[in-house]
Amino acid sequence: MSINIRLEKPEDWHIVEGLTRNAFSTPDRIERSEINCPMEHYMVRQLRSCDGIMELNFVAEMDGQIVGHIIYSHAHILQLDDTKTPVLNFGPLNVLPQYQSMGVGGALLNHSINKAKQLGHRAILFFGHPSYYPRFGFAPADNFSITDRNGNNYPAFMAMELAPGYLSSVSGKFIESDIFNDDINREGAKQYDKQFQ
């Protein structure tokens, strides 16, 4: 079964948000959630209007149906001298449960990484499963003397240079969109989720 990767269109937005909700609606996640629903679909919606990069916002189709999605956003490394070195962050990356383990996530990643290079972006940092992403070229962020915004490092925090040597003279804290931290409107997410119930 072939996978078609293309840019997301405005008419895809509600479908993509429903897909994202579905991909993240596992019972254990809902149980741990402060608002009893996933927040990732609301995060995608919010990213489109602030830090999201629409040229790197892709959907995956199989048999004419959207089955996966990836979105990138602007981020930076804050160095000790307050210099901000621009990098990319990606996520959520999601695939409908019934299409997982079929290469959809990998196709979205490979396509978007190649496109990011073509557009002149120089590095990607993000948080994800350390057993999955190294096969695409990601390495622990502490290999590059970069920590999260709180000064911590752990296996799930990973980085990739798109331009060789770009991170070699950079050290500091990774600062991604506030949407991934405290700026998400939890009540707004809860109300928005009602459209999908």
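Reader: Where does N57 lie?

Author: Helices (H or I, at least four residues) and strands (E, at least two) are DSSP runs, numbered from the N terminus. N57 lies in strand 2 (residues 52-62). Keep in mind that this is a predicted model, where local features need pLDDT of at least 70, side-chain atom pairs count only at pLDDT 80 or more, and totals for chains, interfaces and linings use all residues. Residues are numbered from 1 along each chain as its sequence is written, and side-chain values use heavy atoms, with hydrogens and water left out.

Reader: Is N57 buried or exposed?

Author: Buried means under 20% relative accessible area, exposed over 50%, and partly exposed is in between (1.4 Å probe, protein chains only). N57 has a relative accessible area of 1%, so it is buried.

Reader: And which residues is N57 in contact with?

Author: Contact means heavy atoms within 4.5 Å. Leaving aside its neighbours within four places in sequence, N57 is in contact with R6, L7, E8, R48, H69, I70 and I71. The side chains of N57 and H69 are also joined by a polar contact of 2.6 Å. A polar contact is a pair of N or O atoms within 3.5 Å; within protein, one must be able to donate a hydrogen and the other to accept it, and residues adjacent in sequence count only if both atoms are side-chain atoms.

Reader: Now helices. At what angle do helix 1 and helix 3 pack?

Author: Axes are lines fitted to C-alpha atoms, for helices over the stretch in contact, and angles run from 0 to 180 degrees between N-to-C directions. For helix 1 and helix 3 the angle is about 145°, with the axes 7 Å apart. Helix 1 brings W13, V16, E17, T20 and R21 to the contact, and helix 3 brings E40, H41, V44, R45 and R48. By class, that contact of helix 1 with helix 3 has three nonpolar, two polar and five charged residues. Here Ala, Val, Leu, Ile, Met, Phe, Trp, Tyr, Cys and Pro count as nonpolar, Asp, Glu, Lys and Arg as charged, and the others, Gly among them, as polar.

Reader: How do the axes of helix 3 and helix 5 cross?

Author: The axes of helix 3 (residues 40-49) and helix 5 (residues 186-193) cross at roughly 105° and come within 9 Å. That makes helix 3 roughly perpendicular to helix 5. For the cut-offs, angles under 35 degrees count as roughly parallel, over 145 as roughly antiparallel, 65 to 115 as roughly perpendicular and the rest as oblique. On the helix 3 side, H41, Y42 and R45 meet G188, A189, Y192 and D193 of helix 5.

Reader: What is Y192 in contact with?

Author: Leaving aside neighbours within four places in sequence, Y192 is in contact with H14, E17, H41, Y42 and R45. The C-alpha atoms of Y192 and R45 are separated by 9.9 Å, although these residues are 147 residues apart along the chain. Y192 is buried, at a relative accessible area of 8%, and H41 is buried too, at 0%.

Reader: What about the loops: where is D63?

Author: D63 sits in the loop between strand 2 and strand 3. D63 has a positive phi of about 55° although it is not a glycine, and at 63% relative accessibility D63 counts as exposed. In the loop between strand 3 and strand 4 you'll find D82, with a positive phi of about 70°.

Reader: Last one: where is confidence lowest in the protein?

Author: pLDDT is the predictor's confidence in each residue, from 0 to 100. The protein averages a pLDDT of 88, and 91% of the residues score at least 70. Confidence is lowest in helix 2 (residues 27-32), at a mean of 47, and highest in strand 1 (residues 4-7), at 98. Over residues 28-33 the pLDDT is below 50. Where pLDDT is low, the predicted coordinates should not be read in detail.
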